Each structure stands twice: as structure tokens, then as C-alpha cells.
Amino acid sequence: MNKNLLIILLTIFTFNSCQSQTKDKAEMEKTESEEFSSESGNFIIDFPIKPTLRVIDNQIGTDKYKIYNYQAVAGQQMIYMAEYIDFPEYIMESWDKDQAYSQILKTIEAKYRGVFKLTKKESTEQHNLEGIYFEYSLNPDANVPRGLKGGIKGKIFFVGNRSYQLTYLGEEQELIEPFLNSFRLIK
């Protein structure tokens, strides 16, 4: 199957997927250090408040998988997110890391209908994980909704066929860097 077709299918199914709620090992628990851990996601991160979980059923061809999205809304235009996806292995085998990062970044831009544009992308490393750091700013050429301020900052890491995406959406504040830099695997 053509790589471009796989990318297009992934994007289409991400936007048209069904959503469901779950209460299981995927829920986050508060740690002794006041951070939050996900047993199923195998990670710890410092959300400013307890996040809610949204599990999104997704499908590429006949392969079904779930997107685990943790979200904490800390105030008006202050949204913290941590998400992980176990992609089907054949997808990860058909992409190199740069293609995988690019696809996720294109999906973010499409998700917000071009209101934000990518303004920064660079390599990053933390807690023995290599990935990318990215920033989106409001796109002056887009039809920006009234009152929308700020931008998007985040990081993406891959471990095998699993992607971890950390994102902050909103106005600049001091909790962004501690949130992004706190992410680490449990094992």
C-alpha cells in the first residue's frame, strides 16, 4: 500500500472516529509526588489538575486501535493534553521517524482547521527519550475565532509502535514547561 495513501487514511479515520469513555487501567492515578501516572500508558506526567480520559476508537483498513487522550482544562484557554496511540506495526514499519512526526504535526494543524500554523520544530531529549518539540502560533491568514489567544506547544516521542503526544493549548503561562518536561516512562 502506498505510504501517502496510509497517511491520508490515518488522517481521515482520526477525524471520523467514534469516541467512548472507559474506567479501567487507563485512568490516571495521583502519585506520591503529586504527579499523575497511567498504568496502561506506562508514563508519569505533572498535570496541574486531575485529567479526564477520552478513549477514541479508530480504524485503518481492518485494523482497529484506540487513542487514549488525557485532558486537563485548567482555566479559560489553558488545556493540557497527553495522548498515546499504539499504531498497527505495518504503519510504523512503512514510515521513518520524520514521516511519523510530520504526519502527527499535519494532523494537529488540520484538527484546528488551519487556525494555528507550525512555527517551531526541533529535536528534544528527556528522560532517555528522543523526540521533537513543536510550537504553533495563531495563523494571521486564517479566520481566527474571536477571543482566541495563545498557541500550541508540545512534544512527540515514539517507543516502538507507540506514540506519545504532549500538548498545551492556550495562553503563555509558567506551568507549560514543567508539564512538558515532566513526562517520563514508568519502566
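This is a predicted model: local features need pLDDT of at least 70, side-chain atom pairs count only at pLDDT 80 or more; totals for chains, interfaces and linings use all residues.
Some background on the whole chain. The protein has 187 residues, of which 45% are buried. The secondary structure comes to 4 helices and 12 strands. Taking contacts with a separation of 6 or more, 54% are between residues 24 or more positions apart.

Now the rings. A pair of aromatic rings is described by two things, the distance of the centres and the angle of the planes. Searching the whole structure gives 18 aromatic pairs. One of them joins phenylalanine 43 and tyrosine 70, edge-to-face, at 5.8 Å centre to centre with 75° between the planes. Phenylalanine 43 sits in strand β4, residues 43–45, and tyrosine 70 in strand β6, residues 63–75, so this pair ties together parts 27 residues apart in sequence.

Are these two residues buried or exposed? Phenylalanine 43 has a relative accessible area of 0%, so it is buried. Tyrosine 70 is at 1%, and therefore also counts as buried.

Phenylalanine 43 also pairs with tyrosine 164: the ring centres are 5.8 Å apart and the planes at 75°, so this pair is edge-to-face. Tyrosine 164 belongs to strand β11, residues 162–170, and phenylalanine 43 to strand β4, so here the parts tied together are 121 residues apart in sequence. Phenylalanine 43 and tyrosine 164 are both buried.

Last, the wider group. Ring pairs link Phe43, Tyr70 and Tyr164 into a cluster that also includes Tyr68, Tyr84, Phe157 and Phe183.

Terms used: Residues are numbered from 1 along each chain as its sequence is written. Side-chain values use heavy atoms; hydrogens and water are left out. Rings of Phe, Tyr and Trp (its six-membered ring) pair if their centres lie within 6.5 Å; planes under 30 degrees apart count as stacked, over 60 as edge-to-face and the rest as tilted. Helices (H or I, at least four residues) and strands (E, at least two) are DSSP runs, numbered from the N terminus. Buried means under 20% relative accessible area, exposed over 50%, partly exposed in between (1.4 Å probe, protein chains only). Contact means heavy atoms within 4.5 Å.
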